[in-house]
Amino acid sequence: MERTPFYEQVRDRLIRYARVDTQSDRRSSETPTSKKQFDLAYMLRDELVRIGAADVWLDEAKCVVYGRLPATAPADKGMAFGLVTHMDTAPDAPGAGCKPWVLEDYDGGDILLNPEEGIIMSPRDFPNLLNYVGQDLILTDGTTLLGGDDKAAIAAVMTMAEHLLQHPELPHGEIALGFTPDEEVGGLARDLDLTRFGVKVAYTLDGDYLGYYEDETFNASHATVTFEGRSVHTGTAKGILINAAEMAAEFVSLLPPREKPQFTEGREGFFHLVSVQGNVEQARVDLIVRDHNAGLFARREQLLRDLAAQLAEKYGPERVSLTITPTYRNMKEVIDQYPFLVENLTKAIRLAGLDPQSIAFRGGTDGSALSHRGLPCPNLSAGYENAHGRFEYVPIRSMEKNVEILLHLARLFGETEA
Ligand SMILES: [Zn+2]
């Protein structure tokens with residue numbers, strides 16, 4: 001496979017970043033959830049300074065790195081935009097001691113990740129591997145994740161930035177760069193200071209499958225229902241005992257039986273029972289609600305209120321309480337007001353020789369939250385595979401392609417009226 005001039009840059013960057021353990025921590029309530037994310041934040045800050053970015057700043061309290069590529073387009077031309085990527089890796093697989101390595105010219109067979117432990121990755125288990133025959137892959141040793149999620153995106157963004165800074169003759173508007181912590185634990189880029197970031201539109205880069213983008217996510221909330229029972233000796237319980245655990249079970253049994261993640265796809269929403277805890281005295285049901293459609297989403301939340309009210313009527317209002325906490329909202333209602341965002345992105349993907357693909361994402365992105373905070377923010381895929389696990393890998397060509405896409409995007413925004 002022919003290499004572009006960016007080949008070594010993206011390869012070396014991802015390897016360097018992957019060696020830094022930046023796993024976030026679901027159980028922590030600190031900011032960031034793990035201090036080790038600063039190890040990469042310092043590295044990126046220094047790198048931005050070295051390549052000549054402007055306004056480089058690390059927020060030492062929040063662990064967010066900022067940088068800026070000043071506009072090179074004539075003053076009346078060139079629209080500013082931002083790029084947001086996340087520095088942390090998922091807590092779902094070991095992250096420390098990552099030993100990335102490169103397999104050149106993949107032949108389509110089994111890959112021996114770890115000779116000592118006999119760990120093999122096979123296209124029988126991971127058929128997507130066959131899309132990359134003849135390509136060079138960055139792999140793990142089978143004992144940790146790689147962290148290509150989202151460091152493959154960081155590598156592409158940095159490489160684009162360095163190229164543009166070395167070539168001021170390429171016209172583009174101002175480009176703001178933001179590197180954030182804790183995406184994998186629901187951080188939602190909360191601590192990205194939009195005033196400092198200073199642009200009106202942006203893209204996140206995250207997700208698998210090269211050439212994909214997302215402008216539509218779930219609406220999401222978390223619901224907690226608590227039940228108060230009355231426990232007495234079972235021998236003398238008649239007419240007195242009220243069993244909280246049974247109330248919880250009754251509540252769960254009233255949920256629509258087929259509207260669950262295991263039975264839904266595409267734009268079908270669901271209720272997902274996350275946990276049930278309890279005993280006779282007290283019980284608690286936690287669930288999450290998801291739907292792309294805002295109207296259907298509101299109806300789902302209303303159903304939970306109705307069911308809670310139904311049990312409250314049966315057992316007493318003091319025995320049932322429901323709290324619904326919004327998590328994020330579908331970005332689409334915001335993004336649709338800025339059609340050039342998706343137009344420029346799909347154009348850039350096509351100019352890089354790829355066929356842009358979009359799916360209604362069955363999840364949320366940092367961009368869902370940013371969009372509703374006033375920074376419309378579709379997502380461009382970072383191009384990694386098998387994220388969050390020991391078999392994660394990144395085809396180097398996918399990162400090279402993303403650099404190309406970003407350079408086209410920069411040029412297209414450079415031609416957009418400011
Ligand atoms: Zn990610």
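**Zinc site and fold**

Asp149 is buried, at 5% relative accessible area (buried means under 20%, with a 1.4 Å probe and protein chains only). The model is predicted: local features need pLDDT of at least 70, side-chain atom pairs count only at pLDDT 80 or more, and totals for chains, interfaces and linings use all residues. Residues are numbered from 1 along each chain as its sequence is written, and side-chain values use heavy atoms, without hydrogens and water.

Zinc site
- His86 (NE2), Asp149 (OD), Asp206 (OD) and Asp206 (OD) coordinate the zinc ion at 2.0 to 2.5 Å; donors are N, O and S atoms within 2.8 Å of the metal (3.2 Å for Na, K and Ca), and because water is not among the atoms, sites may look incomplete.
- Along the chain, the donors of the zinc ion have the spacing H-x62-D-x56-D.
- His86 in strand β3 (residues 81-86) and Asp149 in helix α3 (residues 148-166) are 63 residues apart, so the pair links distant parts of the chain; helices (H or I, at least four residues) and strands (E, at least two) are DSSP runs, numbered from the N terminus.
- His86 is also buried, at 1% relative accessibility.

Overall fold
- The protein chain has ten helices and 17 strands.
- Of the 418 residues in the protein chain, 54% are buried.
- The C-alpha trace of the protein chain spans about 85 × 60 × 40 Å along its principal axes.

Terms used: Buried < 20%, exposed > 50% of the residue type's maximum accessible area, 1.4 Å probe, protein only.
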